[in-house]
Amino acid sequence: MPMVPFFEFLSSVARSETGCVKVVHDGGPVPRGEYGLVELYCNEPGCDCENVMINVMDARGSHLATINHSLDRRWNEAAGMPPTFLDPFNVQGPHASGLLGLFKDAALRDATYTERLKRHRAMVREVVQGRSARPTTAETVRSPRSTRNAPCPCGSGRKYKKCCGLVTS
């Protein structure tokens, strides 16, 4: 099951809807900073898996953790696995356990974010099954970035510069 970043399927949607989490206090299991949540989905035609991989990236673009999350808990329960866990087949950074906890506490408690993941999975299925045109521009391979005045990709409804782009010291 090859997992491909969402922005390679639908770059314009990914650019405006990629999630992020911001830690504003020191002393916790995760250092202060902004963390991007880059979604990866299966690109295998006919696959009906309901998993999404989340690559957690720091502001410099460094990979910190890979989280495997089931959009349909029945899949993982049938296999005797938890619905959300650190992926054992990917390299995990020193704060991976803390980032997993942050993802569970912040992102998964946000119903808007979890529904967005389900919608993105459905959109990827449409592209993979050939029912929707896959973008072919060079933009497809760029990582999603936000301009300061664009809506924040975390989905807060605020401008990027007033949300995840806010620099705090």
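The side chain of Glu50 makes a polar contact with the side chain of Arg125, at 2.9 Å; a polar contact here is a pair of N or O atoms within 3.5 Å, where within protein one must be able to donate a hydrogen and the other to accept it, and residues adjacent in sequence count only if both atoms are side-chain atoms. The model is a predicted one, in which local features need pLDDT of at least 70 and side-chain atom pairs count only at pLDDT 80 or more, while totals for chains, interfaces and linings use all residues. Residues are numbered from 1 along each chain as its sequence is written, and side-chain values use heavy atoms, with hydrogens and water left out.

Glu50 sits in the loop between β3 and β4 (51-57); helices (H or I, at least four residues) and strands (E, at least two) are DSSP runs numbered from the N terminus. With 19% relative accessibility, Glu50 counts as buried, a term for residues under 20% relative accessible area, against exposed for over 50% and partly exposed in between (1.4 Å probe, protein chains only).

The cysteines come next. A disulfide is taken as a pair of cysteine sulfur atoms within 2.5 Å, and by this rule the count is 0. For Cys42, the closest cysteine sulfur belongs to Cys47 and lies 3.7 Å away, which is too far for a bond. Cys47 is likewise in no disulfide, its nearest cysteine sulfur being that of Cys49, at 3.5 Å. Cys42 is buried, at a relative accessible area of 2%, and Cys47 is buried at 16%.

The whole structure holds 2 aromatic pairs, where rings of Phe, Tyr and Trp (its six-membered ring) pair if their centres lie within 6.5 Å, and planes under 30 degrees apart count as stacked, over 60 as edge-to-face and the rest as tilted.

Phe103 and Tyr113 are both buried.

The search finds 1 cavity of 30 Å³ or more, a cavity being a set of points, on a 1 Å grid over the protein atoms alone, where a 1.4 Å probe fits but cannot get out. The largest cavity has a volume of about 40 Å³, that is, the space filled by probe spheres set on the points, which are joined across faces, edges and corners. Lining residues, those with an atom within 4 Å of a point, are Val21, Tyr35, Leu37, Val56, Leu99, Leu102 and Phe103. Both β3 and α4 give two or more residues to this lining, and α4 gives the most, with 3. By class, the lining has 7 nonpolar, no polar and no charged residues; Ala, Val, Leu, Ile, Met, Phe, Trp, Tyr, Cys and Pro count as nonpolar, Asp, Glu, Lys and Arg as charged, and the others, Gly among them, as polar.

Definitions and conventions. On a 1 Å grid over the protein atoms alone, a cavity is a set of points where a 1.4 Å probe fits but cannot get out, and a pocket is an open set with protein on both sides within 12 Å along at least five of seven lines; lining residues have an atom within 4 Å of a point.
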